[in-house]
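Below is a briefing on the fold elements of one protein chain. It is arranged by topic.

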Amino acid sequence: MTNSTRVTFLGPSASFSHQAALNSFGKSVNLFPSVSFAEAFSAVQNDSADYAVIPFENSTNGSVVQTLDLLADRQGLYKDVTVCGEYFLTVHHCLIGGKPTAKEKYGSITKLYTHPQAWGQCDSFLSKHFRGVERQDVSSTSKATEIVSKDTSGQTAAIASRLAAEHYNAVVLEENIEDSADNTTRFLILRNIQSARTASASVNLAGDVASAKTGSKTRKTLISFMIEHSSPGSLADALSVFKTHGLNLTSINSRPSMLRPWQYIFFIECEHVPNSSIHDTLEELKSICKSYRELGTWIDGLPFPNCV
C-alpha cells in the first residue's frame, strides 16, 4: 500500500473506525474521515475512495443497523460497493472529560455523549455511576470526545477511546469501562467492484495476516435476499439451500424492506467449507427468492480459526 491508496473511515479522526483503518492498512495510505456511514459508502461508490472501513457488529451489543441498512441499498445507490475484507478490533472504552474530575465527583457530570453502540457496551459502569444522567447520541465516539473537550465545566463526559482523548487533548477519567474485557467490534472493508484501482490490488488486509499466521484460508460470503412472506416455509427453503451446497451459516440478520410493513431483507453470512459452491447456491436462490445479491467474499479475519 502506498500513500496514493485512498482509505476512508467513519470519522471524525481518532474514532475506533480510524484505529481499525490504521491497523488494517498502516500509515502509508491516504486516510480520511467520512462524517457518516452513507458518506463512506458513497465515497466507495463514486470512486473517491479505494476502500472504506466501517463497523459491522459488536460482540457485546450486536449488529450495527446503519451498516445493514446501507448494505440493503433499497434505492440502488451503492450497486458497486462490495465487501473485500474484515478486521476485528478489541474495543476498550474510556470515560473522558474536558477537565480532571475525581471519581467521587462524578455526580457533577450531568450529560454523557457517545455513539449509540457504546451505551450497551458499558451498561454496568453506567448503571453504577450514571443512573438517570442524560445521554446524548452522536455520530461517533470521536465526535463525542470533541464535544466534551471544549467544555471545561466538568458537567459533560464522553465514552470513547484513549486515542480520541489524546487527539482532542481531553482527560481520561476512567479506563476500561466496557462490560466485557474481550469486547470486540468487527469492521468490514469495502471496495468498488468496478474499480481497476482495487480489483487487481494485493491488499494486506487483516484476514490475509490472520490466515498467514494460522495457515487457514477460510473464506466468507455475505448474501442478502428477500422472500415471498405469504408462502409457508419460504425462509426455511432459502436457508436449506446453504446446507445443500455445503456452506456453514455464521450469522443471520434482517432489516425492514421498506416496500411494505413486515416484509424483510435477510442477510446471510456463510463460511466456505471443502466442496461448497457459492455459484450453485446463488443459482438455486434465484428460483426461490424474490431477489438476492452477493455482497462480497473475503478471507476470514479472525486471529484464530473456528473461535466464533
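**Briefing: elements and their packing**

Strand E1, helix H1 (residues 16-25) and strand E2 form a right-handed β-α-β unit; right-handed here means that, with the strands pointing away from the viewer, the path from the first strand over the helix to the second runs clockwise. The model is predicted, so local features need pLDDT of at least 70 and side-chain atom pairs count only at pLDDT 80 or more, while totals for chains, interfaces and linings use all residues. Residues are numbered from 1 along each chain as its sequence is written, and side-chain values use heavy atoms, with hydrogens and water left out. Helices (H or I, at least four residues) and strands (E, at least two) are DSSP runs numbered from the N terminus.

- The loop between E1 and H1 contains Pro 12, and the peptide bond joining Gly 11 and Pro 12 is cis, with omega about 5°.
- Ala 14 is also placed in the loop between E1 and H1; its phi is near 80°, a positive value in a residue other than glycine.

**Annotated domains**

- UniProt, in an unreviewed entry, places "domain: Prephenate dehydratase" at residues 6-192; UniProt positions follow the numbering used here, feature names are shortened, and annotations may be inferred rather than shown by experiment.
- Residues 6-192 are 29% helix and 32% strand, and the end C-alpha atoms of the span lie 12 Å apart.
- The annotation "domain: ACT", from an unreviewed UniProt entry, covers residues 223-299.
- Residues 223-299 are 29% helix and 42% strand, with the end C-alpha atoms 15 Å apart.

**The five-stranded sheet**

- Five strands make an open sheet in the order E8-E7-E9-E6-E10, and the pairing is mixed.
- E8 (134-137) and E10 (171-174) are the edge strands, each pairing on one side only.
- Neighbouring strands of this sheet are turned by 35° against each other on average, direction ignored.
- E6 (residues 94-97) pairs with E10 in the antiparallel sense over three bridges, and Ile 96 has Val 172 in E10 as its bridge partner.
- Helix H6 (residues 141-149) packs on the sheet and touches E6, E7 (111-114) and E9 (156-160); contact means heavy atoms within 4.5 Å.
- The direction of H6 makes about 155° with that of E9; axes are lines fitted to C-alpha atoms, for helices over the stretch in contact, and angles run from 0 to 180 degrees between N-to-C directions.

**Helix pairs**

- The axes of H2 (residues 37-45) and H3 (residues 65-72) come within 10 Å and cross at roughly 40°.
- That angle makes H2 oblique to H3; under 35 degrees counts as roughly parallel, over 145 as roughly antiparallel, 65 to 115 as roughly perpendicular and the rest as oblique.
- H2 passes H3 in a right-handed crossing, where the near helix is turned clockwise from the far one by less than a right angle, anticlockwise being left-handed.
- Phe 37, Ala 38 and Phe 41 of H2 make this contact with Gln 66, Thr 67, Leu 70 and Leu 71 of H3.
- The axes of H10 (residues 234-244) and H11 (residues 278-288) come within 9 Å and cross at roughly 170°, so H10 and H11 are roughly antiparallel to each other.
- H10 also passes H11 in a right-handed crossing.
- Ser 234, Asp 237, Ala 238, Val 241 and Phe 242 in H10 meet Thr 281, Glu 284, Leu 285 and Ile 288 in H11.

Definitions and conventions: Two strands pair if DSSP finds at least two bridges between them.
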